[in-house]
Amino acid sequence: MFFDRPDSGERALLVQMSVRSENRQVDSAEFTELALAAGADPVGLVEGKRERPQAKYFIGTGKLEEIKTIACDLEAELVIFDHELSPSQERNLEKELQCRVLSRTGLILDIFAQRARTHEGKLQVELAQLEHLSTRLIRGWTHLERQKGGIGLRGPGETQLETDRRLLRVRIKSITKRLDKVRSQREQGRRARRRAELPVVSLIGYTNAGKSTLFNQLTGAKVFAKDQLFATLDPTMRRIEIEEYGPLVLADTVGFISQLPHKLVEAFRATLEEASEADLLIEVVDISAADWRAQCDEVQLVLEEIKADQIPRIRVFNKIDELPDREAGLEATEDDSQQTVWLSAKTGEGLGFLKVAIAKSLGTDRIMAWYRLPANHSRLISRLHAQSAIQEEKYGEDGSCELLISINRPDWQRILGAEGLSEESLTPLVG
């Protein structure tokens with residue numbers, strides 16, 4: 001990793017202001033969870049209200065003196081603001097508080113740096129870090145403005161700051177090129193799945209809503225799942241079988257959060273494309289959270305940004321095991337255009353309702369039936385195998401074959417047409 005993270009366990013003072021001009025509902029519990037997820041030791045929380053941010057310090061001078069006193073009394077090594085700070089605001093605050101200052105973006109970047117496990121994830125985090133750092137090279141260290149000195153280095157040339165900027169640009173260009181290659185490889189994988197006619201279902205939702213736990217329940221996988229923010233950064237895909245439908249690909253994706261830095265959305269675009277290219281989205285909602293409606297609004301904003309808000313969606317209200325009077329179930333409109341599932345990914349209660357909802361959403365025009373094919377239809381059987389459309393098969397002594405077929409009607413018609421057959425020429429078995 002390009003950056004060294006500071007040692008974890010730093011004593012951190014948290015600062016959260018309700019700023020009317022930001023039009024954002026603050027959540028002190030989530031902010032504290034973010035700090036804990038980064039490995040900080042929150043020793044205090046300072047709250048306040050402002051009409052709008054102050055240009056020099058973001059906060060007023062009175063609040064600044066209060067924070068300075070509290071940070072000194074609590075021996076805080078770090079002050080974290082639950083807001084986006086400009087480079088000059090960070091510099092001015094550090095000068096006044098005599099300790100490191102971190103913005104919400106810097107905090108989330110640090111968490112991502114710890115959680116990235118794959119090569120692709122590490123590249124994406126590094127790109128976001130570099131782009132964030134590129135605006136913060138001028139941090140009050142005046143030596144960065146000096147030209148290089150020494151034997152053979154005197155005279156006109158680059159200042160140290162210009163050298164650092166150039167090196168950053170080179171590195172950013174290199175990582176962007178490698179991520180473009182990753183995006184191309186993902187697109188090849190999606191084309192292969194489209195050729196196999198396998199629909200992709202993506203789990204989306206606010207961070208820590210339980211997506212990875214639900215993914216493990218549905219697939220039997222052992223994806224890392226923990227009750228913490230941003231436990232998942234790298235997308236995981238598994239092929240599963242859904243009764244009454246057939247095979248599909250299930251994808252677990254990175255969680256969303258309020259005020260998700262735009263740099264992260266850009267850096268993780270290759271990952272988020274798994275959601276924007278999906279056939280069906282399963283929006284997982286932590287129904288036990290007091291602000292679950294606000295979390296749904298934030299998810300909607302990110303989906304609009306990645307142009308995935310028009311994809312069919314099932315809403316899953318998760319963690320009903322934490323609600324005393326709520327049972328698992330499936331609610332749907334008359335035309336099944338909007339389906340809502342109540343379940344517990346932790347206990348597995350209600351998974352059957354989700355599978356029914358998935359089958360209804362994907363199988364609006366799908367064939368699921370037994371057919372008996374004579375021995376001379378081997379090419380048709382081969383085509384069906386290539387499309388992963390055969391669920392079960394039984395062979396008779398005369399060479400005939402009984403098949404349980406699950407396939408979209410247009411694909412069924414296309415395959416039959418390639419063999420010179422029609423739907424009327426093959427009659428499904430009854431019973």
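User: What does the side chain of Glu 10 make a polar contact with?
Analyst: The partner is the side chain of Arg 100, at 2.9 Å. A polar contact is a pair of N or O atoms within 3.5 Å; within protein, one must be able to donate a hydrogen and the other to accept it, and residues adjacent in sequence count only if both atoms are side-chain atoms. This is a predicted model, in which local features need pLDDT of at least 70 and side-chain atom pairs count only at pLDDT 80 or more, while totals for chains, interfaces and linings use all residues. Residues are numbered from 1 along each chain as its sequence is written, and side-chain values use heavy atoms, with hydrogens and water left out.

User: Is Glu 10 buried or exposed?
Analyst: Glu 10 is buried, with a relative accessible area of 16%. The cut-offs are under 20% for buried, over 50% for exposed and partly exposed in between, with a 1.4 Å probe and protein chains only.

User: Where is Glu 10, and what is it in contact with?
Analyst: Glu 10 is in the segment before β1 (11-19). Strands are DSSP runs of E with at least two residues, and helices are runs of H or I with at least four, numbered from the N terminus. Leaving aside neighbours within four places in sequence, Glu 10 is in contact (heavy atoms within 4.5 Å) with Gly 39, Ala 40, Asp 41, Glu 77, Leu 78 and Arg 100.

User: Changing topic: how many aromatic pairs does the structure hold?
Analyst: There are three aromatic pairs. Rings of Phe, Tyr and Trp (its six-membered ring) pair if their centres lie within 6.5 Å; planes under 30 degrees apart count as stacked, over 60 as edge-to-face and the rest as tilted. Trp 292 and Phe 317 have ring centres 5.2 Å apart and planes at 75°, so this pair is edge-to-face. Because Trp 292 lies in helix α10 (residues 292-305) and Phe 317 in strand β9 (residues 313-318), the pair ties together parts 25 residues apart in sequence.

User: Which pair is tilted, with 50° between the planes?
Analyst: That is Phe 317 with Trp 342, at 4.7 Å centre to centre. Trp 342 is in strand β11 (residues 339-342), 25 residues from Phe 317.

User: How accessible are Trp 292, Phe 317 and Trp 342?
Analyst: Trp 292 counts as buried at 16% relative accessibility, Phe 317 is buried at 8%, and Trp 342 is buried at 11%.

User: And what lies over the face of Trp 342?
Analyst: Arg 326 does, at 3.5 Å from the ring centre. The criterion is NZ of Lys or CZ of Arg within 6 Å of the ring centre and within 35 degrees of the ring normal.
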